[in-house]
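Student: I would like a close look at one part of this structure. Please take me through the place where the two chains meet.

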Amino acid sequence: VDDAELLRRMAAGDEAALGALYDRWSPLVHSVVMRVVNDGDDAEELVEETFWQAWRQAGRYDASRGGISGWLVVMARSRALDRVRLRGWQRASAAESMDGASAPEPVIDAGGPLDAAEMDETRRIVRAALERLPAEQRETVEMAYFRGMSQTEIAAATGQPLGTVKTRARLALQKLREALSVLREEPA
Amino acid sequence: MTPETMHDGMRAALAAEALGALDGEERTLLHAHLAACPACRAELAELRASVGTLAYAAPPAAMDPARSGRVRARLLARAAADRDSEEGVTSDSTLVAPAPLRSLPPVDDGDDVTRVIPITAAPPRRGPSRLPWLAAAASLLLLLGTAAYAMTLRGRVMTQAAWMSAADEQQNRLERALREREATLAAVSAPAVRVIDMASTGRTEPGGRMFWDPRTDRWTFFAHDLPAVRDGREYQLWLITPGSRKIPAGTFRPGARGQAHVEATFALPADSLQAVAVTEEPTGGLPQPSGPIVIAGGMSSR
């Protein structure tokens with residue numbers, strides 16, 4: 001059953017479809033919110049609220065705007081960044097850098113072996129692409145995406161002019177796009 | 001500025017926008033430009049797709065299975081209640097009977113093996129939310145600290161969004177708390193529920209009571225006056241079968257007054273429980289008990 005079908009069933013009031021969507025995507029959603037909030041209790045709440053929002057908005061999902069995992073991640077990341085901003089805590093800022101050298105080995109236990117393998121493969125490609133970026137470009141992307149910093153804040157934090165921050169972001173995304181084109185050629 | 005240089009300048013800002021990092025006047029200008037420039041809109045969509053894959057750069061953080069099972073069960077219960085209430089609203093009948101109290105439905109993972117949600121302590125409820133005040137403080141700082149320009153639209157929208165988000169979270173938290181209470185009440189008041197009283201084996205007087213509904217596989221455990229545990233230690237709950245098999249049923253730490261409340265879904269044949277016990281073990285628990293029994297109790301005859 002593909003994601004779009006699960007969403008149709010959710011919109012029709014089938015909560016088992018929500019369970020299936022949760023099994024498939026909660027590992028990714030949890031990884032993202034943990035990276036942002038760095039707190040297991042917060043992450044638990046955020047994961048629940050993300051999938052709850054998905055349940056409530058299943059009927060309004062617009063497939064033309066991108067894949068369902070992307071939709072879930074956008075909701076989750078936005079909530080997680082709100083959480084960090086609202087609490088004014090900078091707990092996440094001390095978290096390890098995005099290359100995750102000290103991160104535990106992947107333990108993805110939901111969604112079935114195929115999904116887990118696909119997720120691992122995507123992870124491998126994304127990480128490899130990031131590792132090939134110059135450090136300052138990778139850092140710019142990380143500050144914006146995982147810490148929710150604006151370009152002005154990044155410029156202040158790195159001591160670089162705004163134009164440099166913009167250029168780094170652009171170069172980084174361009175290179176990512178090239179590296180990741182292989183992913184988007186495959187059906188989601 | 002000619003339209004061409006305007007376009008080039010705006011194009012340079014698309015990556016920052018895709019990352020959600022564009023701010024100030026520039027963002028307002030870009031959005032005005034986007035409305036009139038299909039090429040930039042298309043490029044922004046492409047860049048956003050690249051940004052979307054950054055989710056996979058987060059170090060994989062597997063959710064603790066007990067937590068994940070709890071979240072899943074809560075979501076399904078909320079969804080079922082939500083669906084029922086929607087159906088109630090749209091029903092043709094003039095009067096709709098109130099929905100009965102609902103215990104959490106068993107988790108159905110689509111195969112024949114019964115899914116087990118390990119018993120763990122319910123997460124501590126946080127006190128009254130300070131988020132609205134934090135949001136107010138945050139927005140005040142925002143207003144004070146930014147230049148006059150940034151004070152206009154964007155600041156207001158962000159503040160509103162923060163308030164909305166805080167209110168939304170608060171409501172969801174209350175709804176969830178209410179549903180958990182309803183599930184607990186249903187789990188201890190159902191007709192077939194069996195009760196296991198647990199008494200202390202030590203000098204202090206802790207005690208506990210387990211409510212087990214074999215029809216719904218629902219376990220609801222309350223304890224009181226448990227001694228505090230040292231760092232690195234937790235209490236572990238055990239279900240003991242007539243053959244003396246000891247089934248680990250999760251770990252927990254007592255609250256400040258020694259109280260504990262644990263809920264779980266676990267299938268056990270109706271005649272295969274002899275006793276329930278709590279031991280003190282290293283954090284995370286062990287496959288078999290190693291510490292002394294703190295409280296224990298056998299099935300009461302009915």
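Which residue of chain A does the side chain of R173(B) meet in a salt bridge?

Tutor: The model is predicted, so every value here is computed from it. The partner is E45(A). The side chains of R173(B) and E45(A) meet with N and O 3.1 Å apart. Side chains of opposite charge can pair when their charged atoms come close.

Between chain B and chain A the count is 15 salt bridges. Six helices of chain B each supply at least two residues to the side that touches chain A: α1 (3-12), α2 (14-18), α4 (38-53), α5 (65-90), α6 (131-145) and α7 (153-189). Of these, α5(B) gives the most, with 14 residues. By type, that side of chain B divides into 31 nonpolar, 6 polar and 19 charged residues.

Now take the whole contact. It involves 56 residues of chain B and 65 residues of chain A. Together the two chains bury about 5,800 Å². Carbon and sulfur atoms account for 58% of that area. Three residues stand out on chain B: L19(B), Y56(B) and P60(B). They supply 14% of the area that chain B buries against chain A, more than any other three residues. Polar contacts belong to the picture too. There are 26 residue pairs in polar contact between the chains, counting pairs with both residues at pLDDT 80 or more.

Go back to the charges. R176(B) forms a salt bridge with E48(A). Their closest N and O atoms are 3.4 Å apart. This pair crosses between chains, from helix α7 of chain B to helix α3 of chain A. Both R176(B) and E48(A) are buried. They also belong to a network of salt bridges. From chain A, the network links D41(A), E44(A), E48(A) and E49(A). From chain B, it links R67(B), R70(B), R74(B), R78(B) and R176(B).

R78(B) and E175(B) are 97 residues apart in sequence. In space, their C-alpha atoms are 8.6 Å apart. E175(B) is found in helix α7 of chain B. E175(B) has a relative accessible area of 24%, so it counts as partly exposed. E175(B) also forms a salt bridge with R179(B), with the closest N and O atoms 3.8 Å apart. Both lie in helix α7 of chain B, 4 residues apart, about one turn of the helix. R179(B) is partly exposed as well, with a relative accessible area of 24%.

Chain B has another bridge to follow. The side chains of R27(B) and E17(B) meet at 3.2 Å, N to O. R27(B) lies in helix α3 (residues 24-36) of chain B and E17(B) in helix α2 of chain B, so the pair ties together parts 10 residues apart in sequence. R27(B) is partly exposed, at 29% relative accessible area. E17(B) has 3% relative accessibility, so it counts as buried.

Y22(A) and F51(A) form an edge-to-face aromatic pair, with centres 5.2 Å apart and 65° between the planes. Y22(A) lies in helix α2 (residues 15-37) of chain A and F51(A) in helix α3 (residues 40-57) of chain A, so this pair ties together parts 29 residues apart in sequence. Both Y22(A) and F51(A) are buried.

Definitions and conventions. Residues are numbered from 1 along each chain as its sequence is written. Chains are lettered from A and ligands numbered from 1 in the order in which they are written. This is a predicted model: local features need pLDDT of at least 70, side-chain atom pairs count only at pLDDT 80 or more; totals for chains, interfaces and linings use all residues. Side-chain values use heavy atoms; hydrogens and water are left out. Contact means heavy atoms within 4.5 Å. Buried area is the accessible area (1.4 Å probe) that two parts lose on being put together, summed over both. A salt bridge is a side-chain nitrogen of Lys or Arg within 4 Å of a carboxyl oxygen of Asp or Glu. A polar contact is a pair of N or O atoms within 3.5 Å; within protein, one must be able to donate a hydrogen and the other to accept it, and residues adjacent in sequence count only if both atoms are side-chain atoms. Ala, Val, Leu, Ile, Met, Phe, Trp, Tyr, Cys and Pro count as nonpolar, Asp, Glu, Lys and Arg as charged, and the others, Gly among them, as polar. Rings of Phe, Tyr and Trp (its six-membered ring) pair if their centres lie within 6.5 Å; planes under 30 degrees apart count as stacked, over 60 as edge-to-face and the rest as tilted. Buried means under 20% relative accessible area, exposed over 50%, partly exposed in between (1.4 Å probe, protein chains only).
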